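Have the viewer open and follow along.

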Amino acid sequence: MTARSHRNVALHPLRTLGLAASLALLAGCAHWIEDPETAPGEETELETEDFDPTEAEALEDPSDADEERLERARAEGLDPDDPLDAAVLDEPDSPLATRRVHFAFDSSDIRDEDIPVLEAHAEFLREHPDERMTIEGHTDERGSREYNLALGERRAEAVERLLRANGARSDQLEVVSYGEEDPLIDESNEDAWAENRRAELLYER
Amino acid sequence: MTRLNRVWSTVYLAALLMLPGQASADDVVIDIIGGIEGATPIAVVPFQRADGADPETGIAPIITANLARTGRFDVLPEDDLVATPGRMEDVRFSTWRAQGVDHLVVGGIDNASDGRYEVRFELLDAFQGQRTDGRRYRAEERHLRTLAHTISDRIYEAITDRPGTFTKRIAYVAVEQREDGEGRQHRLVVADSDGHRPQTILTSDEPLLSPAWSPSRDRLAYVSFEGRRSEVFVQEIRTGEREQVASFRGINSAPAWSPDGDRLAVTLSRDGAANIYLIDLASGEVRPVTDHWAIDTEATWGPDGEWIYFTSDRGGRPQIYRTTPDGGETERVTYEGAYNARPSISPDGERMAMVHRHDGQYYIALQDLETEAVQIISDGPADESPSFAPNGDLVIYTAGGTEGQRLATASVIGGAVAPLESTERPDTRVREPAW
């Protein structure tokens with residue numbers, strides 16, 4: 001259960017691993033090309049040209065920018081080949097980086113500050129029709145569990161409605177309620193309750 | 001245990017200070033704990049053990065805990081016993097009368113010739129100086145707890161003229177951190193009514209909730225998230241065989257058996273909002289009961305099957321309503337307080353237990369369905385999931401607070417809250433009881 005709730009977090013090391021694996025693969029390729037035993041045997045004369053460093057300086061070395069982007073991707077556990085992660089990488093303040101919205105007690109109203117976040121996700125879904133999202137609704141622990149299960153669904157549906165109103169297709173979205181069964185913070189106090197009243201936006205990966 | 005301990009220590013203190021001033025002790029008792037007023041004074045003497053008959057299970061402590069839990073008995077603390085007779089012939093009734101004891105339980109444990117134990121009990125009326133009930137049993141050691149519950153039921157019936165409920169098992173959900181630290185583990189457990197002898201019938205990494213006994217008490221319906229969303233299952237206790245009975249789009253939850261056991265009322269959101277539906281278990285046919293844009297959930301049946309009670313926030317806040325199984329007439333049942341949910345109806349249909357918010361905290365309350373009077377019967381602050389005992393005299397519920405969750409019972413006559421002595425790990429959350 002907790003494993004599932006930490007899916008977001010858990011995925012990141014995995015993605016980093018994937019990245020590391022592909023880098024390792026690349027390194028392997030380079031090695032293969034340089035392998036003298038399998039390199040082509042015949043040498044040809046090459047043309048000679050003067051090297052002009054100023055010209056090179058003028059063009060920003062693309063490999064440096066790539067390297068920096070990869071570096072950040074690694075640090076943040078993002079996959080630069082993934083369109084969603086790429087969007088967050090390219091715009092560090094992107095609302096797409098936010099995958100969680102919170103609710104007031106016994107309410108399923110989207111708070112004003114969360115509307116730009118959901119609009120950004122809707123736009124992303126609209127522009128990437130193959131992307132799929134599960135919206136998980138959660139409540140705090142107070143009150144009746146079964147009622148909370150329904151309340152969690154109502155929260156997730158409020159998010160779903162806003163995403164659809166902004167261009168996401170309904171077949172890109174799935175709604176699941178966990179009620180109070182999967183708290184983010186397993187404590188009994190106001191701060192924990194506020195954190196736990198939430199909807200999680202989980203892209204299928 | 002807080003409240004019962006208080007009762008006991010009060011009686012004990014009174015006994016120490018003013019022996020044998022029973023009248024004064026009565027004053028004190030009534031003053032401090034309203035609910036115990038009118039409780040029947042009883043003494044349960046530890047059963048005499050014959051040489052070599054020394055089972056680990058004590059019979060008298062189980063009977064004592066069972067009777068005390070009901071709030072209908074004022075059980076004399078063991079330290080206050082003036083004598084420890086093992087049979088009626090050895091009882092001096094005047095001594096017990098002087099101590100204010102109305103009833104006395106005595107008994108003995110002996111070795112039977114076939115390797116089992118022979119257990120004998122006598123229920124004595126201190127005022128008449130007569131035996132009210134008595135019986136002799138042969139039982140294996142592993143059945144002694146069940147036997148103690150059986151004797152408890154007989155004593156309860158003999159004195160209150162109401163059926164006992166101690167031999168009826170409970171089901172609950174236990175939640176704990178997995179030993180490998182990888183998240184939480186949920187277990188569906190069936191145990192004795194006092195929480196002992198737990199048997200786990202399902203283990204899952206995903207949440208489990210809302211177990212409900214079939215009327216024939218051989219199956220449990222429950223909600224499981226094993227499929228990463230809520231689905232309803234029915235599982236046979238003895239074989240462990242189970243069947244998925246509701247797995248529609250959206251929520252599938254809150255199962256409640258019809259009194260005849262043929263249908264389950266469930267909450268589904270397959271058509272939009274959470275509403276109550278009936279599933280015919282033989283045919284699988286699904287029929288809507290409520291059809292409202294608000295949340296309708298937590299259905300439970302009245303004993304004659306005429307009404308289905310449920311939680312709805314159609315009025316803005318969760319309150320309890322009732323409707324007929326065909327979804328005809330619907331009326332609001334609760335009006336006191338801004339939050340009433342999770343109804344459970346007493347077997348005689350006269351009372352409803354529910355989760356009731358009061359001053360920002362959650363309690364178990366009873367509502368008299370005739371007079372609409374509401375009475376809080378638990379201590380709070382985060383109590384939930386009330387379930388009536390099969391005889392209607394106790395309500396079992398999840399007692400919640402900062403110290404976690406455990407099970408407790410409250411007497412419907414009030415004033416007697418007692419935790420179940422859990423046999424689970426101390427850090428295990430024990431909740432969602434069904435009796």
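**Reading the folds and contacts**

A: Let's start with one pair: T297(B) stands opposite T311(B) in β19(B). Keep in mind that this is a predicted model.

Q: How many bridges join β18(B) to β19(B), and which way do the two strands run?

A: In general, strands of a sheet pair through backbone hydrogen bonds, in a parallel or an antiparallel way. Here β18(B) and strand β19 (residues 308-312) of chain B run antiparallel, joined by four bridges.

Q: What is the strand order of the sheet that holds them?

A: Going across, the order is β18-β19-β20-β21 in chain B, an open sheet of four strands with antiparallel pairing. β18 and β21 (330-332) of chain B stand at the edges with a single partner strand each, so one side of each has no neighbour in the sheet. From one strand to the next, the twist averages 30°.

Q: Which helix lies across β18 and β19 of chain B?

A: That's one from the other chain: helix α7 (residues 145-165) of chain A, running at about 150° to β18(B).

Q: How many residues of each chain are in the contact between A and B?

A: The size of an interface is often given as accessible area lost when the parts come together. Here we can count residues instead: 32 of chain B are in contact with 20 of chain A. On the chain B side, β10 (208-213), β14 (252-257), β18 (296-301), β22 (340-345) and β26 (384-388) each supply at least two residues. By class, that side of chain B has 13 nonpolar, 11 polar and eight charged residues.

Q: How is chain B itself divided into domains?

A: There's domain 1 (39-160) and domain 2 (170-434). The C-alpha centres of these two domains of chain B lie 35 Å apart. Their contact takes 10 residues from domain 1 and 13 residues from domain 2 of chain B. On the domain 1 side, α3 (59-69) and α5 (144-160) of chain B each supply at least two residues, and the largest share, five residues, comes from α3(B). Sorted by class, that side of domain 1 has three nonpolar, four polar and three charged residues.

Q: Which residues touch the most other members of the largest nonpolar core?

A: The general idea is that in soluble globular proteins, nonpolar side chains tend to be buried together. In this model the largest nonpolar core has 117 residues, and I59(B), I63(B), L104(B), V105(B), A265(B) and V395(B) touch the most other members. Helix α3(B) turns up again, giving the largest share of this core, seven residues. Leaving out residues up to four places away in sequence, I59(B) touches F47(B), G107(B), I109(B), V119(B), L144(B), A148(B) and I151(B). Another core of 26 residues lies apart from the largest one, with L96(A), M133(A), A158(A) and L163(A) among its members.

Q: Which residue takes a positive phi in the hairpin of β12(B) and β13(B)?

A: That's G240(B), with phi near 80°, in a hairpin that has five residues between the strands. Strands β12 (residues 231-236) and β13 (residues 242-246) of chain B run antiparallel, joined by four bridges. V232(B) stands opposite A246(B) there.

Terms used: Residues numbered from 1 in each chain as written. Chains lettered and ligands numbered in written order. Predicted model: local features only at pLDDT ≥ 70, side-chain atom pairs only at ≥ 80, totals over all residues. Domains from an automatic or database assignment. Contact = placed C-beta atoms within 7 Å. Nonpolar A, V, L, I, M, F, W, Y, C, P; charged D, E, K, R; others polar. Pairing = 2+ DSSP bridges. Axes fitted to C-alpha atoms, helices over the stretch in contact; angles between N-to-C directions. Core = buried A, V, L, I, M, F, W, Y, C linked by C-beta atoms within 7 Å. Buried ≥ 20, exposed ≤ 12 C-beta atoms within 10 Å, placed from the backbone.
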